[in-house]
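Here is my notebook from a first look through this model.

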Amino acid sequence: MIYRNTVVSFAGAAALCVTMSGAFAFDESKYPDLSGQWRRVATGAARYDPTKPDGLGQQAPLKAEYKALHLASIADQKAGGQGLDTAYRCIPMGMPRQMSGTFPLEFVVTPQQTHILFELVIYSTRRIYTDGRAWPEEEEEPTFAGYSIGKWVDTDGDGRYDVLEVETRNLKGPRTFDATGIPTAEDNQTVVKERLYLDKADPNLLHLEMTTHDNALTQPWSATKDFRRQQKIRWMDSNCTEGNNHVLVGKEDYVVSGDGFLMPVRKDQAPPDLRYFKGAKK
């Protein structure tokens with residue numbers, strides 16, 4: 001089902017909020033206009049570095065043990081499996097992968113927080129705190145989207161913010177950088193730093209500079225992603241769980257066929273362990 005203009009912008013609503021004295025509580029003119037629907041500019045498979053091919057073409061600076069895991073993931077996918085990618089099970093992709101732009105996204109800007117909403121429901125909504133808070137002293141429950149603290153910056157001194165700087169920590173796993181299974185480290189100590197800003201010559205072009213620090217990497221990995229504001233907004237109902245015919249049994253992936261029976265995904269794949277079922281009657 002297609003929804004036309006059904007996503008209400010909370011930014012506009014925030015601009016109408018007034019204080020008890022009647023003064024406006026949110027001056028939109030101080031912030032860049034990020035309204036509307038944004039789609040990635042790069043074509044092909046969504047990837048961490050959109051300037052390079054996916055998979056091994058990404059040239060991810062992986063440590064030897066994690067490069068081996070990536071190679072094994074690619075080999076498993078070529079054989080019909082899913083490798084290290086867990087998105088087929090509708091598990092959230094998490095940061096930094098969810099900012100690769102597989103589906104359209106929307107920004108909702110308020111003074112205290114900037115929200116990033118995603119059309120695909122398995123993407124965790126991002127809440128970037130811009131209220132000047134410090135990192136929590138007490139340990140928070142990790143999430144796939146992580147805990148993000150941001151700061152609006154006026155880089156040219158004209159009295160208007162033009163860059164949002166963000167740092168994201170406290171992530172859970174498993175996560176990968178892309179669909180081929182470029183892995184993040186198992187310790188989940190990932191830190192993602194971002195700079196978001198509109199192109200000075202084209203206000204409908206958004207740049208996202210991203211650097212990921214992760215213990216699977218030999219060095220921080222940086223990339224720039226570009227998004228284009230859409231002239232015609234069409235929001236789709238993209239629900240990962242609807243019609244998903246994958247079935248995970250133990251560590252093995254199977255699929256349900258059109259006639260409702262369990263099928264293998266790889267050649268010579270063993271059937272699932274049926275130890276809790278009585279023998280089938282003939």
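**Entry 1: strand 3.** I started by asking which way the side chains of strand 3 point. Leu105, Phe107 and Val109 point one way, Glu106 and Val108 point the other way, and all are buried. By "buried" I mean under 20% relative accessible area, with exposed being over 50% and partly exposed in between (1.4 Å probe, protein chains only). I take helices (H or I, at least four residues) and strands (E, at least two) as DSSP runs, numbered from the N terminus.

**Entry 2: what I am looking at.** This is a predicted model, in which local features need pLDDT of at least 70 and side-chain atom pairs count only at pLDDT 80 or more, while totals for chains, interfaces and linings use all residues. Residues are numbered from 1 along each chain as its sequence is written, and side-chain values use heavy atoms, with hydrogens and water left out.

**Entry 3: the partner of strand 3.** I looked up strand 4 (residues 113-118) and found that it pairs with strand 3 in the antiparallel sense over 5 bridges. Two strands count as paired if DSSP finds at least two bridges between them. Glu106 has Leu117 of strand 4 as its bridge partner. The two strands make a hairpin, with 3 residues between them.

Entry 4: I noted an open sheet of 3 strands in the order 12-13-14, with antiparallel pairing. Its edge strands are strand 12 (246-249) and strand 14 (262-263), and each pairs on one side only. Strand 12 is joined to strand 13 (residues 252-256) by 4 bridges. Val249 stands opposite Glu252 of strand 13.

**Entry 5: the whole chain.** I counted 2 helices and 14 strands in the protein chain. The chain has 282 residues, and 41% of them count as buried. I also checked contacts (heavy atoms within 4.5 Å). Among those between residues at least 6 apart in sequence, 56% join residues at least 24 apart.

**Entry 6: the largest pocket.** Which residues lie nearest the centre of the largest pocket? They are Gly83, Leu84, Asp85, Thr86 and Pro174, out of 26 lining residues. Helix 2 (64-78) and strand 13 are the elements that give two or more residues to this lining. Helix 2 supplies the largest share, 3 residues. The volume of this pocket is about 590 Å³.

My terms here: on a 1 Å grid over the protein atoms alone, a cavity is a set of points where a 1.4 Å probe fits but cannot get out, and a pocket is an open set with protein on both sides within 12 Å along at least five of seven lines; lining residues have an atom within 4 Å of a point. Grid points are joined across faces, edges and corners, and a volume is the space filled by probe spheres set on the points.

**Entry 7: the second largest pocket.** I read a volume of about 290 Å³ for the second largest pocket. It has 15 lining residues, and Tyr161, Asp162, Leu198, Asp199 and Lys200 are the closest to its centre. Strand 8 (residues 191-198) gives the most to this lining, with 3 residues.

Entry 8: I found 2 cavities of 30 Å³ or more. The largest cavity holds about 40 Å³ of space. Its lining includes Trp152, Asp162 and Leu198, and strand 8 gives the largest share, 3 residues. The second largest cavity has a volume of about 30 Å³, and among its lining residues are Leu84, Asp85, Thr86 and Pro174.

**Entry 9: backbone details.** Where is Pro174? It lies in the loop between strand 7 (163-169) and strand 8, and the peptide bond from Gly173 to Pro174 is cis, with omega near 10°. Another cis peptide bond joins Met95 and Pro96, with omega about 5°. Pro96 lies in the loop between helix 2 and strand 3.

Asn170 has a positive phi of about 60° although it is not a glycine, and it sits in the loop between strand 7 and strand 8. Asn170 has 25% relative accessibility, so it counts as partly exposed. Asn188 has a positive phi of about 55° and is found in the loop between strand 7 and strand 8.
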